[in-house]
Amino acid sequence: MNLVLGGIAWILDPANMNGPSGWIARLLEQLGYTFGAVAIAAIVAIPLGYAVGHTGRGRDIAVAFSGGLRALPSLGVLILFGFALGIGFKAPMLTLVILAIPPLLAGAYAGFEAVDRRTIDAARAVGMTELQVVGKVEVPLGLPLLIGGVRSSVLQVVATATLAGYIGGGALGTFIFQGAATRNYDMMLGASILVTALALVLEGIFALLQKLVVPRGVVATGQQNVRARSSRSRAVMGSPIQEGK
Amino acid sequence: MIEFRSVTKRFPDGTLAVDSFDLVVPPRKTTVLVGSSGCGKTTLLRMINRMIDPTSGSILIDGEDTGGLEPVKLRRRIGYVMQNSGLLPHRKVIDNVATVPILNGTPKREAREHALELLDTVGLDRSLADKYPRQLSGGQQQRVGVARGLAADPNILLMDEPFGAVDPIVRAELQQETIRLQEGLGKTVVFVTHDIDEAFLLGHQVVILQKGGHIAQSGTPAEILAAPANDFVATFVGADKRKRALHIQRVGDRDVVVDENGTPTGVLQP
């Protein structure tokens with residue numbers, strides 16, 4: 001208990017809060033890593049996932065590829081990149097991008113796959129072009145699962161961004177590694193609390209966002225016809241990403 | 001007029017769905033393709049708007065070979081109504097109906113106004129316009145599907161077992177509505193079903209199909225009932241089970257029609 005209080009006291013001490021190496025700056029760095037890595041990963045993973053989900057081709061490769069990326073130990077990758085790219089933000093950023101890709105990829109293609117085939121067939125039959133089928137049908141209906149992917153991606157990255165401090169890349173991990181080296185447990189704990197709080201806040205925001213992006217017609221409960229609802233359309237509302245289902 | 005000229009479809013897995021099929025679909029009439037599952041009827045229907053391309057042979061609409069047309073443009077001028085309505089779940093009823101005109105470049109407001117009129121046409125209350133498909137009953141959804149099919153004012157309306165998933169009472173209602181609409185609007189309707197009673201009810205021309213899209217018999221319902229071409233047709237229309245065998249009984253001064261069990265089904269009008 002004393003340790004926790006020590007951690008909180010460390011957080012509340014203005015001397016630790018402000019300035020270029022205060023925790024506010026470090027927290028912003030942590031956020032910068034998180035959203036930077038997820039944004040870069042999204043540029044790669046979302047178009048790829050959409051292509052896989054729309055065509056149904058290359059699904060096995062995508063599953064194997066993202067499974068493989070997931071299996072990589074982040075610390076190992078970080079050290080490897082650290083040797084290759086030197087100290088600074090590049091190595092952690094690259095490591096985090098790799099970590100962020102699999103959930104985004106899975107969210108993108110699972111979102112497309114969850115759309116009822118008959119809806120897509122009908123869209124095509126009334127005269128939508130392939131691009132219109134993607135833009136007007138698959139993207140809006142697949143959005144909840146994609147946001148689910150962004151959510152798990154962000155959460156994994158925000159926690160792992162702590163490792164950046166290990167090779168001098170800044171962010172909140174700096175305090176943890178520094179605290180460990182100097183036996184300053186208040187500092188370690190304070191930073192840990194901040195990382196945890198940050199992760200929880202982001203989780204809350206994304207949980208809410210995920211609810212908000214479910215198309216209104218999909219959440220709208222009918223007066224009847226509950227039985228006729230297809231299992232596929234129900235899957236659109238679910239939050240967890242299931243890979244290789 | 002739609003013409004099938006020795007149309008063959010072999011799917012990549014080797015299935016011969018349709019084998020050298022010839023048919024002329026007369027304009028402004030309802031032609032029903034009827035047969036058991038696997039007879040190629042849906043394949044035939046979907047080849048008209050090029051959702052499926054024939055392996056060989058050609059399909060002509062008013063003398064024009066569809067093979068040379070852009071599939072997307074072709075589909076936008078042919079109405080399509082499918083089983084389970086195929087409505088976009090994230091769009092309101094009105095926007096579903098207005099889909100095709102908006103794709104064709106009609107201003108949104110105009111398309112929506114026209115869509116409201118179409119709701120009247122198919123017998124839906126305008127208050128449903130702002131609902132989502134899921135908030136409607138199965139029968140209402142099918143009506144929206146029909147309204148969408150009519151939205152671009154196509155000459156041809158393709159209907160793929162549109163009433164297969166609704167209950168018998170609603171189905172009977174929708175069938176009457178279809179007859180009324182076809183007569184009122186004079187569309188060329190191609191209708192696919194496995195239900196021979198539905199085929200006889202709706203079709204000016206009924207085409208009974210056997211496996212591989214072979215035509216067992218084609219003609220008006222009366223022609224088919226009066227002279228089934230072979231045993232397959234006789235079985236299919238139920239003539240062999242005496243289901244269609246009605247007799248006249250003289251009761252007093254009226255002619256009463258009775259079925260094979262002697263149950264009265266109606267009275268002959270003078």
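Two strands pair if DSSP finds at least two bridges between them, and strands (E, at least two residues) and helices (H or I, at least four) are DSSP runs numbered from the N terminus. This is a predicted model, in which local features need pLDDT of at least 70, side-chain atom pairs count only at pLDDT 80 or more, and totals for chains, interfaces and linings use all residues. Residues are numbered from 1 along each chain as its sequence is written, and chains are lettered from A in the order in which they are written.

**Exercise 1.** Find which residue stands opposite B:Val256, and describe the strands around that position.

*Solution.* Begin with strand 12 (residues 254-258) of chain B, which pairs with strand 13 (residues 264-267) of chain B in the antiparallel sense over three bridges. Within this pair, B:Val256 faces B:Val267 of strand 13. Then follow the chain through the turn: the two strands form a hairpin with five residues between them, and B:Gly262 in the turn has a positive phi of about 85°.

**Exercise 2.** Determine how helix 9 of chain A is oriented relative to helix 10 of chain A.

*Solution.* First take the axes, which are lines fitted to C-alpha atoms over the stretch in contact, with angles from 0 to 180 degrees between N-to-C directions. The axes of helix 9 (residues 173-182) and helix 10 (residues 185-212) of chain A come within 7 Å and cross at roughly 160°. Helix 9 of chain A is therefore roughly antiparallel to helix 10 of chain A, a term for angles over 145 degrees.

Note on methods:
Angles under 35 degrees count as roughly parallel, over 145 as roughly antiparallel, 65 to 115 as roughly perpendicular and the rest as oblique.
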